[in-house]
Amino acid sequence: MVTRLSNYEVLEGWLDYLQDKVAALVGTSKDQILESVRRQNLLQREQFYCLECPLQGEPSMDFALQYQTKDFLGTRDFTGNNSFRYARFFNLYGQMVGPDKKFYLEFETIKGVGMAAAVFLDIHNVDAERVIQRTLAFQAEARRMPRILEIIEIAKKYELVPSNIGFIYSHLNGPLRLTFAIQLEVLLLPDRYDPYAYFALELGMGKQSETLQKAFAKNPDQFRMFVGNTVLMQDLVELSNFDFLDCYLDIDIMPDGSIGDIMGIEVVLGVQSIEGQHEMLHSKEFAEFIFFLQKINVIDERIVCFADCIFYANLPQALDSQEVLVSMLSHFKLRYKQGKRLPAKVYLQGNRSYEI
């Protein structure tokens, strides 16, 4: 009889394959990842595994796990042995948002802090302010509340929808990250980037932004010339031309209420199947997207590895249904610091599934 592989063995097999096949992309962080999940007993559920890999610089991978709130509702702990420090936090979150929301634990193995996790919660289409208030209070972070709620109110004026909130515990005095969904119907308007430019302007310039906005309202062309010189806005406009992508804006709020100096655009692929992603890799639209990333110099030649990251492989087990390991691209992230582009990142996802 063949013994069904454990979740740990499935993860180890996926990392072994990637480290052997696409080392230029993922580097050699496998052992740190496996040690982190083993010591914290994190693989009690069958969840998605996620890897974050830079597309320039030293090849490496940070690691994340995706969970569902239904795994925590009605349970006192996470792992069954009270060893997981965030169990009550996730139970509270699940009670507020229901059983079908997803959230992530991310471990920065690249920086050698793999035992300290960042937590990212899905707050899309829920009472985001209530979730944020209660989770901040639970984490003894209530002092951040007024500034965060102020930023959400500013975002609403510009039709930005709160999507995720991230607690970056892996950083000393770490930021709280807010992610906003960028609405397609706004991006398709002739003045599509005005809301996001005004939002960034108001965040960055405070009270001065009101005077600037009044001046720009009298001369929209002057405004577009002003924001057109910011690379984040330029790139956002370019990305809106790719209809197979969904875009999200990341901002960090520091403990003193200031905005962090790094902002991000998460670029989520609209294709989430093995066959669909293989077709996407050979499409004109994806080629144009990659050309755009090359043109703005945020990726290098390791993009040729993408095809080897998309696959499924049979797993040995003693069940009637054939199980498989599924590996795909999840999304990309563009990052900006003080008006300059940083190297882009790609995110991979792997999970155990039944025959597809």
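## Asp235 and its partner Arg341

Asp235 is buried, at 2% relative accessibility (buried means under 20% relative accessible area, exposed over 50%, and partly exposed in between, using a 1.4 Å probe and protein chains only). Its salt-bridge partner is Arg341, and the closest N and O atoms of the two are 2.8 Å apart. A salt bridge here is a side-chain nitrogen of Lys or Arg within 4 Å of a carboxyl oxygen of Asp or Glu. Because Arg341 lies in strand E11 (residues 340-354) and Asp235 in helix H11 (residues 231-239), the pair ties together parts that are 106 residues apart in sequence. Arg341 itself counts as partly exposed, at 30% relative accessibility.

A word on the model and its elements: this is a predicted model, in which local features need pLDDT of at least 70 and side-chain atom pairs count only at pLDDT 80 or more, while totals for chains, interfaces and linings use all residues. Residues are numbered from 1 along each chain as its sequence is written, and side-chain values use heavy atoms, with hydrogens and water left out. Helices (H or I, at least four residues) and strands (E, at least two) are DSSP runs, numbered from the N terminus.

## Other salt bridges

The structure holds 11 salt bridges. In one of them, Lys101 pairs with Asp122, with 3.6 Å between the closest N and O atoms. Lys101 sits in the loop between H4 and strand E3 (102-108) and Asp122 in strand E4 (residues 113-122), so this pair links parts that are 21 residues apart in sequence. Lys101 is buried at 14% relative accessibility, and Asp122 is buried at 18%.

Glu35 and Arg38 form a salt bridge too, their closest N and O atoms being 3.1 Å apart. These two are about one helical turn apart, because they are separated by 3 residues in helix H3 (residues 30-40). Glu35 is partly exposed at 31%, and Arg38 is partly exposed at 49%.

## The nonpolar core

The largest nonpolar core has 97 residues, and Leu178 and Phe289 touch the most other members. Such a core is a set of buried Ala, Val, Leu, Ile, Met, Phe, Trp, Tyr and Cys residues joined through side-chain atoms within 4.5 Å. Strand E10 (residues 323-337) gives the most to this core, with 8 residues.

## Val97 in helix H4

Val97 belongs to helix H4 (residues 87-97) and is buried, with a relative accessible area of 15%. Beyond its neighbours within four places in sequence, Val97 is in contact (heavy atoms within 4.5 Å) with Thr69, Val126 and Val131.
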